[in-house]
Amino acid sequence: MKDKPQMIRTTIDGTFINQYVEMLIPAIKRKFNIRAGIEGPLFMDRSGSDEMIIRFLANDDQAQEVYEFINSKWQFESEPQLVS
């Protein structure tokens, strides 16, 4: 199966964005050998809660594994959703 753009969407407290960037992204790379990135309005205003988007390239099975890993190991304000 060919890799395609995948996206996981969730809500976090903006004060913790640095921890997600410094810890979550390297954890995904180590476990799945996938390069992922985080984006969202939290980088502009870190006060309050807002959407965080994790983007990466993977096939559907691998994306589901990444989603399950993130959902089981990390705490978010809303349950993550695997969008694509």
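Two residues are in contact when heavy atoms of theirs lie within 4.5 Å. By that criterion, among contacts in the protein chain between residues at least 6 apart in sequence, 68% join residues at least 24 apart. The structure described here is a predicted model. The chain holds 2 helices and 4 strands, and along the sequence these follow the pattern β-α-β-β-α-β.

**Overall form**

- The chain has 84 residues, and its radius of gyration of 12 Å agrees with the value near 12 Å that a compact globule of that length would have.
- Along the principal axes, the C-alpha trace of the chain spans about 40 × 20 × 20 Å.
- Of the 84 residues, 37% count as buried.

**Helix H1 and the residue that follows**

- Helix H1 covers residues 17-32, which makes 16 residues.
- From its first C-alpha to its last, H1 reaches 21 Å, close to the 22 Å expected at 1.5 Å a residue.
- The buried residues in H1 are Ile17, Tyr20, Leu24, Ile25, Ala27, Ile28 and Phe32.
- Asn33 follows H1 and lies in the loop between H1 and S2.
- The phi angle of Asn33 is near 55 degrees, a positive value in a residue other than glycine.
- Asn33 has a relative accessible area of 64% and is therefore exposed, since the category begins over 50%.

- Ala63 is a residue of helix H2, and its relative accessible area is 0%, so Ala63 is buried.
- Leaving out residues up to four places away in sequence, Ala63 touches Gln6, Phe56, Ala58 and Leu82.
- Ala63 and Ile8 stand 55 residues apart in sequence, while their C-alpha atoms are 8.9 Å apart in space.
- Gln64 also lies in helix H2, and its relative accessibility of 33% places Gln64 in the partly exposed category.
- Between Gln64 and Met52, which are 12 residues apart along the chain, the separation of the C-alpha atoms is 18 Å.

**Strand S3: Arg55**

- Arg55 belongs to strand S3.
- With a relative accessible area of 37%, Arg55 is partly exposed, because that value falls between the 20% limit for buried residues and the 50% limit for exposed ones.
- Apart from neighbours within four places in sequence, Arg55 is in contact with Gln6, Met7, Arg35, Ala36, Gly37 and Glu39.
- Gln6, one of these contacts, is 49 residues from Arg55 in sequence and 5.7 Å away in space, C-alpha to C-alpha.
- Gln6 is also listed among the residues that Ala63 touches.

**The largest pocket**

- The largest pocket has a volume of about 160 Å³.
- Its lining consists of Ile12, Asp13, Phe16, Gln19, Tyr20, Met23, Trp74, Gln75, Phe76 and Glu77.
- S1 and H1 are the elements that give two or more residues to this lining.
- H1 gives the most to the lining, with 3 residues.
- By residue class, the lining divides into 6 nonpolar, 2 polar and 2 charged residues.
- Tyr20 is named among the lining residues and is also one of the buried residues in H1.

**Gln75, a residue of the pocket lining**

- Gln75 is one of the residues that line the largest pocket, and it lies in the loop between H2 and strand S4 (81-82).
- The relative accessibility of Gln75 is 69%, so Gln75 counts as exposed.

Note on methods: Residues are numbered from 1 along each chain as its sequence is written. This is a predicted model: local features need pLDDT of at least 70, side-chain atom pairs count only at pLDDT 80 or more; totals for chains, interfaces and linings use all residues. Side-chain values use heavy atoms; hydrogens and water are left out. The expected span of a helix is 1.5 Å times one less than its number of residues. Buried means under 20% relative accessible area, exposed over 50%, partly exposed in between (1.4 Å probe, protein chains only). On a 1 Å grid over the protein atoms alone, a cavity is a set of points where a 1.4 Å probe fits but cannot get out, and a pocket is an open set with protein on both sides within 12 Å along at least five of seven lines; lining residues have an atom within 4 Å of a point. Grid points are joined across faces, edges and corners, and a volume is the space filled by probe spheres set on the points. Ala, Val, Leu, Ile, Met, Phe, Trp, Tyr, Cys and Pro count as nonpolar, Asp, Glu, Lys and Arg as charged, and the others, Gly among them, as polar. The radius of gyration is taken over C-alpha atoms; the globule rule is 2.2 Å times the number of residues to the power 0.38.
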